[in-house]
Amino acid sequence: MALISLHEVSLSLGGSALLDRATLVVEPQERIGLVGRNGAGKSTLLRLLAGEIGPDAGVVTREPGVRVALLPQYVPETLPGTVFDVVASGAGEHLTLLRQYQDLADRLGDLAHGHESGDSQGLLQELDRVQRLLEASGGWQLHGRVKELIQTHGLEGQAEFDSLSAGMKRRALLARALVAEPDVLLLDEPTNHLDIETIVWLEDMLLRLGKTILFVTHDRSFLSRLATRIVELDRGRLLSYPCSYDRYLERRASLLEAEQRAWQQFDKKLAQEEAWIRRGVRARRTRNEGRARALERLRLERERRRERLGDPRLAIVEAERSGRLVVEATDVSFAYGEKVILRDFSTVVLRGDRVGILGPNGSGKTTLLGLLVGELSPQQGRVRLGTGVKVAYFDQLRASLDGEQIVRDAVADGAEFVVVEGKRRHIVGYLEDFLFTHEQIHGPVRLLSGGERNRLLLAKLFAVPSNVLALDEPTNDLDTETLELLEQRLLDYTGTILLVSHDRTFLNNVVTSVLVLEGDGKVGEYVGGYDDWLRSRPQAKVLDAPPGDVRRSERPKPSIARRRLSYKEKKELETLPLRIEMLENEQAELASALSSSELYASGDPTRIVQISARLKEIEQEIEAAYARWEELEKLAGAEAGQ
């Protein structure tokens, strides 16, 4: 029996209908990936399924007694109380008793450790009273579940919720959604603000959970691993694809092609009928009234057709090429108080490199990016930018966007035109390429969704001539079509890319090497993308998953570590052939001299000994040079092949 079903449901929040006579059935044990364009209404659909809003028309049916929990897309900026309070708030009517019990238990603990003075006997009596009330109401089991979830999610129950990082807040909200043991779990962008290690842990946890899950995500790796069915929200319709995400992409492309062909045939027929009705007096006298009524129906059907939103057209304005050296960092150290981010870090970034930056939340990825492009100054060491470097910086916090500014002014600073690919473009047409409507272009930034703000920031970024792109989490909230197009544009970009991202697929498709913040100021440098790093780590590392993660033995096994050539090694590789040639020339000259009768006729035995000794040295030097050349060539070949 279906847990939740929608039948002929319509819903509009102004403008085009987000749901237009849509139908959906959610069966037990399904893991449904909900996909669709930014602004299509995915978050609204989740709220409808959760019962937070009702439909304008149609029927939403829930199996009697079914429990539904929703993890919202956005983490609240402020939420009063401790982590325990927030997680326990998912327990509904038992919340007050649970909070009272936890507060009494914490006070007794403080008394026992001498942190507080008071009547311990009175506290014990009150604690016993609240415990009996919890047992009588069935809430005692919930108290244990709250504690278990807090531990499982790696949280500290007494910590203030507002003091947590965005990623830890997301964990607390997920624990809150799970505390009432829902039958259906609705997740809206659950990977937002999570680092890769936590995303993998979340995947493992949801797979073990065995619950019915309907989720929205832009993380294609997450979607591919979890989804047993794909449901697409497209122009108010809900289209179901009972298959994997990769198979869905193939079937969807075929469906869109068939739709396009059907529309072309429809439009051709409509044009023929319109031509017939306009043939003049003679045609009107002889026309068939039924045919005329059929034409009216065709006109009405064409008027009601909702065209698919076009694909965004992203173009990156490139500046003149930079010098071969883009960034050189030498013995860089940086710390926030006692927290060391970098210690004696050195690297060289050359023109055309595509470098990903990996690490857990709070490890300093944004700091490292800022240091490499000159946004921050090192506390020790030196960072030198090459000649002609022009950086375009994408800020994950969107601090460069003013919510009260008009969208068009946020990109062009009041100008009417921008220059793209050497041509002047009107700002309205340029923003339409990024799928902004006329109303949005002339409206304030604050009315845009998260995905739309990301697209606006990309439009602003790409209008600035650059030869270095510094991108800090550019994929957040973007739909899959925009993500794939962004990937293609970055692959076409001839400049240098420095990229911070938690999107594993995006990293695999874009970068050619990664810098990994490994803790205690150490940074590892590896060839390839995320999957290559997993295979090439020096040793198998258990992800920093919260307690309770039992899939430790399933992590990828290590292989021999591969790394990028350093700047000095690249220079050495360039000069080795010349050095070998010089040594071989010297070897030939000395061998010729040693076999010459003139050398022996001179009667100088010391000279003969010197030439013989030097020949042995040259032979050893040539052998070592060839070995070194082969070693560097292998490293360079592996790097180029990634």
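The entries below record what I looked up.

I noted that this is a predicted model, in which local features need pLDDT of at least 70 and side-chain atom pairs count only at pLDDT 80 or more, while totals for chains, interfaces and linings use all residues. Residues are numbered from 1 along each chain as its sequence is written, and side-chain values use heavy atoms, with hydrogens and water left out.

Entry on Thr-217. I found Thr-217 in the loop between strand E7 (212-216) and helix H8 (220-226), where helices (H or I, at least four residues) and strands (E, at least two) are DSSP runs numbered from the N terminus. Its relative accessibility is 7%, so Thr-217 counts as buried (under 20% relative accessible area, with a 1.4 Å probe and protein chains only). Not counting residues up to four places away in sequence, I listed Leu-34, Glu-189, Pro-190, Thr-191, Phe-222 and Leu-223 as touching Thr-217, contact meaning heavy atoms within 4.5 Å. A polar atom of the Thr-217 side chain lies 3.0 Å from the backbone nitrogen of Asp-219.

Entry on Gln-440. I placed Gln-440 in helix H15 (residues 438-441). Between Gln-440 and Arg-408 I read 8.8 Å, C-alpha to C-alpha, across 32 residues of sequence.

Entry on H16. Eleven of the 13 residues of H16 are buried, so I noted the helix as largely enclosed by the rest of the structure. The buried residues include Gly-450, Asn-454, Arg-455 and Phe-462, and among the elements that cover the buried residues I noted H15 and helix H17 (480-492).

How values were computed:
Buried means under 20% relative accessible area, exposed over 50%, partly exposed in between (1.4 Å probe, protein chains only). A polar contact is a pair of N or O atoms within 3.5 Å; within protein, one must be able to donate a hydrogen and the other to accept it, and residues adjacent in sequence count only if both atoms are side-chain atoms.
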